[in-house]
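This report describes the strands, sheets and salt bridges of one protein model. The sequence and structure come first, and the text follows.

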Amino acid sequence: ICGSSGTVGSDDYSNSQIGATQISLNTRTTGNLELSDDVDYLKFELSARTTVTIESLGTLNNGNFEIYKEGISTRLFSGLFNNYNIETDNLTLDAGVYYIKVYSILNYLTGYDITVSGSSGTVGSDEIGRAHVWTPVT
C-alpha cells in the first residue's frame, strides 16, 4: 500500500466501515497504523443494551478512536490512547452494530491495543438501529 509516508507491505485493517473487521467482546485486538494517513475500522455487535468498557493503549505514539453506530453518520464517542498508558472509557450502548475508527494524532505511525468489554455481545449481524447519545463527545 502507498500513502503520504511511503510504501509498506500491507494494511492490517480496512480503511472503511464496509470492510471493517469483526471483533469479539472481551478480546484484545492489536493493530498498526502503518502510514501517517492510515485509518483502521473495527466492528462489534451488542445483542442488548450494555455498558461497555473500552480500554485502549498506544504502543509507540498517541492516537484517537471514534465510535459510530451502523446506519448513523454522527460520531457517538471520541477517545484517545496514549503511549504506553491504558485509557479506559465506559459507555452504555443500545443493541446494534458499532464501528470503531482508529487513527493517528499528528500523522504519527503507531501500534495500538483496544479491548471492548461487556456482558452482551455477538458478532456478524447487520442489524440497524437508532442512535441515542449516552456520553457527550469531548
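Is aspartate 94 buried or exposed? Aspartate 94 is buried, with a relative accessible area of 15%; buried means under 20% relative accessible area, exposed over 50%, and partly exposed in between (1.4 Å probe, protein chains only).

**Basis and confidence**

This is a predicted model, in which local features need pLDDT of at least 70 and side-chain atom pairs count only at pLDDT 80 or more, while totals for chains, interfaces and linings use all residues. Residues are numbered from 1 along each chain as its sequence is written, and side-chain values use heavy atoms, with hydrogens and water left out.

The pLDDT is the predictor's confidence in each residue, from 0 to 100. For the protein chain the average pLDDT is 79, and 80% of the residues score at least 70. Confidence is highest in strand β5 (residues 39-46), with a mean of 95, and lowest in strand β1 (residues 2-3), with a mean of 46. The pLDDT is below 50 over residues 122-138, a stretch that has 45 contacts in the model beyond near neighbours in sequence. A contact means heavy atoms within 4.5 Å.

Strands here are DSSP runs (E, at least two residues), numbered from the N terminus. Two strands pair if DSSP finds at least two bridges between them.

Strand β11 (residues 110-117) pairs with β4 in the antiparallel sense over six bridges. Within this pairing, leucine 33 has threonine 110 as its bridge partner in β11, and glycine 31 stands opposite tyrosine 112. Strand β11 is also joined to β6 by six bridges, and these two strands run antiparallel. There, isoleucine 54 has valine 116 of β11 as its bridge partner. Seven of the eight residues of β11 are buried, so this strand is largely enclosed by the rest of the structure.

The loop between β3 (21-22) and β4 contains asparagine 26. The phi of asparagine 26 is near 65°, a positive value in a residue other than glycine. Most residues other than glycine have a negative phi.

**The five-stranded sheet**

A second open sheet has five strands in the order β3-β5-β10-β7-β8, and its pairing is mixed. Here β3 and β8 (77-81) stand at the edges with a single partner strand each, so one side of each is left without a neighbour in the sheet. Strands β3 and β5 pair in the parallel sense over two bridges, and threonine 21 stands opposite leucine 42 in β5.

Lysine 43 also lies in strand β5. Its relative accessibility is 11%, so lysine 43 counts as buried. The C-alpha atom of lysine 43 is separated by 5.7 Å from that of alanine 20, although the two residues are 23 residues apart along the chain.

In strand β10 (residues 96-104) sits serine 104, which is buried at a relative accessible area of 9%. Leaving aside residues up to four places away in sequence, serine 104 touches Leu33, Ser36, Asn62, Gly63 and Asn64.

**Salt bridges**

Side chains of opposite charge can pair when their charged atoms come close. A salt bridge is a side-chain nitrogen of Lys or Arg within 4 Å of a carboxyl oxygen of Asp or Glu. A search of the whole structure finds two.

| Salt bridge | N to O distance |
|---|---|
| arginine 49 – aspartate 94 | 2.6 Å |
| glutamate 66 – arginine 75 | 3.4 Å |

The pair of arginine 49 and aspartate 94 links distant parts of the chain, 45 residues apart. Arginine 49 is in the loop between β5 and β6 (50-58), and aspartate 94 is in the loop between β9 and β10. Arginine 49 counts as exposed at 52% relative accessibility, whereas aspartate 94 is buried. In the other pair, glutamate 66 is buried, with a relative accessible area of 6%, and arginine 75 is partly exposed, with 32%.

Definitions and conventions
Helix = DSSP H or I, 4+ residues; strand = E, 2+ residues; numbered from the N terminus.
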